[in-house]
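Keep the viewer open and follow along.

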Amino acid sequence: MSNRIAKVNKLIKEEIGKIIFQEMEFDKNILATVTEVDTSVDLKYTKVLISILPFDRAEEVSEVLEKNIYHLQQILNKRLVMRSVPKIEFKIDRSGENLERIDKLLKED
């Protein structure tokens, strides 16, 4: 990964995290965290991985994010000083869920 892409990923991760915190209204018991950002080399697309706690509310949060993606994209476009801001795509980061499942299995033995 080029240094430029790494910087863009870091910047998008910070800004999307702020936007989600400030603009999105989830139930008070839900925590949504940006865990990773992967931007394409041509800077046209960026995949944003979101970790959701509790895990069983992930689909609900995903639906809210998808429903508001146009609004979130507009805010990101205004905040970033770039010739063209990558189009965002949200994905649920299930790595924490998998770790919890493995931990439960290990404790059962």
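The protein has 4 helices and 3 strands, where helices (H or I, at least four residues) and strands (E, at least two) are DSSP runs numbered from the N terminus. Follow the chain and you get the pattern α-β-β-α-α-β-α. Before going further, note that this is a predicted model, so to speak with caveats: local features need pLDDT of at least 70 and side-chain atom pairs count only at pLDDT 80 or more, while totals for chains, interfaces and linings use all residues. Residues are numbered from 1 along each chain as its sequence is written, and side-chain values use heavy atoms, with hydrogens and water left out.

As for overall dimensions, the C-alpha atoms fill a box of roughly 55 × 30 × 15 Å along the principal axes. The protein exposes about 7,700 Å², with carbon and sulfur atoms supplying 51% of it; accessible areas come from the Shrake-Rupley method with a 1.4 Å probe, and for residues only the protein chains shown count as cover. Among contacts (heavy atoms within 4.5 Å) with a separation of 6 or more, 62% are between residues 24 or more positions apart.

Now for the inside. The largest nonpolar core has 24 residues, and Ile16, Ile20, Val48, Ile50, Leu65 and Phe90 touch the most other members. Such a core is a set of buried Ala, Val, Leu, Ile, Met, Phe, Trp, Tyr and Cys residues joined through side-chain atoms within 4.5 Å. Two or more residues each come from helix 1 (3–23), strand 1 (31–39), strand 2 (45–53), helix 2 (58–67), helix 3 (69–79) and strand 3 (87–92). Helix 1 gives the most, with 6 residues.

Zoom in on Ile16, which sits in helix 1. Ile16 counts as buried because its relative accessible area is 1%. Leaving aside neighbours within four places in sequence, Ile16 is in contact with Val34, Val48, Leu76, Ile88 and Phe90. Take Val34: 18 residues separate Ile16 from Val34 in sequence, yet their C-alpha atoms are 7.4 Å apart. Ile50 is another one to click on, with contacts that include Ile20, Val34, Leu65 and Phe90.

Most residues other than glycine have a negative phi, and most peptide bonds are trans. Leu43, in the loop between strand 1 and strand 2, has a positive phi of about 60° although it is not a glycine. Leu43 counts as buried because its relative accessibility is 8%. A cis peptide bond joins Leu53 and Pro54, with omega about -5°, and Pro54 lies in the loop between strand 2 and helix 2.

Technical notes
Buried < 20%, exposed > 50% of the residue type's maximum accessible area, 1.4 Å probe, protein only.
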